[in-house]
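Keep the sequence and the 3D view open while reading.

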Amino acid sequence: MSLHLSSLPPRLDSIDCPLLRQHDVVLNVLRLDLMHPHLHGNKWFKLQPNVEYALAQQMPTILSFGGAYSNHLYALAAAGKQFGLRTIGMVRGELVQPLNPVLGFAQQQGMELVAVSRTEYRRKSEPEFIEQLRQRFGAFHLVPEGGGNELGVTGCTQIVRLLEWQSTERPRYIGLACGTGTTLAGVVIGLHATRSQPLPTVLGVGVVNAPGYLRQEVARRLPLACVPTWSMLEDYHGGGYGKTSPALQAFLTEFSRYSTIPLEPVYTGKLLQGLFDQIRQGLIPAGAEVLALHSGGIY
Ligand SMILES: *Cc1c(COP(=O)(O)O)cnc(C)c1O
């Protein structure tokens with residue numbers, strides 16, 4: 001089964017600014033965020049195989065976890081509505097009324113929102129806790145926080161089909177923001193499968209402050225002999241998930257002078273800040289062509 005989502009092919013936006021010209025680096029942004037009004041960015045790629053899996057069950061239901069501003073719960077709620085699934089969103093902390101725009105949208109789409117205390121939330125992968133949830137809500141397909149399961153990785157391999165390059169000579173780089181590393185793992189596996197030449201180097205920009213964690217998460221998901229070179233840049237989290245720094249704010253202001261591409265400070269802002277810094281330092285070499293994946297996050 002393959003679900004059809006009427007979506008637009010993503011657009012490629014180029015960025016022009018003195019730094020890029022100085023370093024002779026081509027930087028384009030693949031606008032996955034424009035593909036669908038709600039199921040946009042990287043979240044639909046992760047959800048699609050999960051939705052297919054759930055729809056094949058008797059009582060198609062997906063239960064998942066997220067914070068109060070979870071892009072993942074937002075997309076899951078929209079997918080539930082579109083494909084006739086029951087969706088249950090376990091939200092960390094309290095459900096503050098009136099609901100914020102993310103949770104308000106999720107509820108409008110028919111998602112059942114359930115507040116989970118921070119202490120309980122930490123038990124989200126414990127079999128005993130999940131069993132209690134099954135007794136409470138009935139059978140469901142469990143999708144972990146952020147959509148980071150095997151099916152999510154498989155879905156993200158499809159992103160590779162959308163990559164577009166402008167030059168055959170320039171060394172190729174792909175940049176993407178990483179929260180769980182699921183998308184990066186999928187892209188690396190997808191590239192490996194296509195054996196496209198020349199193989200791009202994949203750069204993940206970590207948005208959480210947990211040294212070594214994302215690298216390990218990605219490595220554990222990759223088959224041993226996965227060819228494309230990838231690395232996780234861990235210096236651009238700006239203090240941690242959802243945190244911002246004066247440097248990030250300054251970068252976002254500077255970026256808005258060169259481009260109308262919308263960025264937010266949680267994911268795509270840190271991604272572009274990281275890529276610009278790598279170019280400035282020559283770690284992304286002169287002459288390179290960089291494709292940044294705009295993974296969404298703007299509503
Ligand atoms: C969820 C999300 C990510 C992170 O994706 P992972 O697969 O968890 O690494 C990146 N960008 C945006 C906008 C997101 O919402």
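The model is a predicted one, in which local features need pLDDT of at least 70 and side-chain atom pairs count only at pLDDT 80 or more, while totals for chains, interfaces and linings use all residues. Residues are numbered from 1 along each chain as its sequence is written, and side-chain values use heavy atoms, with hydrogens and water left out.

Helices (H or I, at least four residues) and strands (E, at least two) are DSSP runs, numbered from the N terminus. Buried means under 20% relative accessible area, with a 1.4 Å probe and protein chains only. Contact means heavy atoms within 4.5 Å.

Eleven of the 13 residues of helix 3 are buried, among them H72, Y74 and F83. At the start of this helix, a side-chain oxygen of S70 comes to within 3.2 Å of the backbone nitrogen of H72. After helix 3 comes G84, with a positive phi near 70 degrees.

## Helix 2 beside helix 3

In helix 2, the buried residues include W44, F45 and P49. They pack against strand 3, helix 3, strand 6, helix 7 (150–156) and helix 8. The expected span of a helix is 1.5 Å times one less than its number of residues.

| Helix | Residues | Expected span | Span between end C-alpha atoms | Buried residues |
|---|---|---|---|---|
| Helix 2 | 13 residues | 18 Å | 18 Å | ten residues |

## The largest pocket

A pocket is an open set of points on a 1 Å grid over the protein atoms alone, where a 1.4 Å probe fits, with protein on both sides within 12 Å along at least five of seven lines; lining residues have an atom within 4 Å of a point. The largest pocket holds about 1200 Å³ of space. It is lined by 44 residues, and E145, G146, T180, Y241 and Y267 are the closest to its centre. Helix 2 and helix 3 are among the elements that give two or more residues to this lining. Helix 9 gives the largest share, four residues.

Leaving out residues up to four places away in sequence, N28 touches L12, D13, S14, Q166, E289, V290, L291 and A292.

Technical notes
Buried means under 20% relative accessible area, exposed over 50%, partly exposed in between (1.4 Å probe, protein chains only). A polar contact is a pair of N or O atoms within 3.5 Å; within protein, one must be able to donate a hydrogen and the other to accept it, and residues adjacent in sequence count only if both atoms are side-chain atoms. Grid points are joined across faces, edges and corners, and a volume is the space filled by probe spheres set on the points.
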